[in-house]
Amino acid sequence: MEQWITWIPEVGFPILVTFYLLHRIDHRLKELNESLLQLPLNLGTYKR
């Protein structure tokens, strides 16, 4: 049991920071994906 108490602060904090950063970047990645999907359509309008 004593090993678990020392293990949680060592591993828990990096995991928490990772989840926080992934949550923040998720919205931006979705927007980037949508923009990349629309790029061929937008480039087709410039060729005309």
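Reply: This is a predicted model, in which local features need pLDDT of at least 70 and side-chain atom pairs count only at pLDDT 80 or more, while totals for chains, interfaces and linings use all residues. Residues are numbered from 1 along each chain as its sequence is written, and side-chain values use heavy atoms, with hydrogens and water left out.

Me: What accessible area do the residues of the nonpolar patch on the surface have together?
Reply: A patch is made of residues with over 30% relative accessible area and no salt bridge, where like charges are joined within 9 Å and nonpolar side chains (Val, Leu, Ile, Met, Phe, Trp, Tyr) within 5 Å. Accessible areas come from the Shrake-Rupley method with a 1.4 Å probe, and for residues only the protein chains shown count as cover. Ile 15, Phe 19, Leu 22, Ile 25, Leu 29, Leu 32, Leu 36, Leu 39, Leu 43 and Tyr 46 form this patch, and their area together is about 1,000 Å².

Me: Is Tyr 46 buried or exposed?
Reply: Tyr 46 has its place in helix α1, residues 2-47, where helices (H or I, at least four residues) and strands (E, at least two) are DSSP runs numbered from the N terminus. Buried means under 20% relative accessible area, exposed over 50%, and partly exposed in between (1.4 Å probe, protein chains only). Because its relative accessible area is 71%, Tyr 46 counts as exposed.

Me: What percentage of the 48 residues of the chain count as buried?
Reply: The chain holds one helix and zero strands, and its C-alpha trace spans about 70 × 10 × 10 Å along the principal axes. The accessible surface of the chain comes to about 5,100 Å², of which 67% belongs to carbon and sulfur atoms. Of the 48 residues, the share that counts as buried is 0%.

Me: Which side chains meet in a salt bridge?
Reply: Side chains of opposite charge can pair when their charged atoms come close. A salt bridge is a side-chain nitrogen of Lys or Arg within 4 Å of a carboxyl oxygen of Asp or Glu, and by this rule the count comes to one. The two partners both lie in helix α1, four residues apart, or about one turn of the helix. With 3.5 Å from N to O, the side chains that meet are those of Asp 26 and Lys 30.

Me: How far apart in space are Leu 22 and Ser 35, C-alpha to C-alpha?
Reply: Leu 22 lies in helix α1 and is exposed, with a relative accessible area of 51%. Leu 22 and Ser 35 are 13 residues apart in sequence, and their distance in space, C-alpha to C-alpha, is 20 Å.
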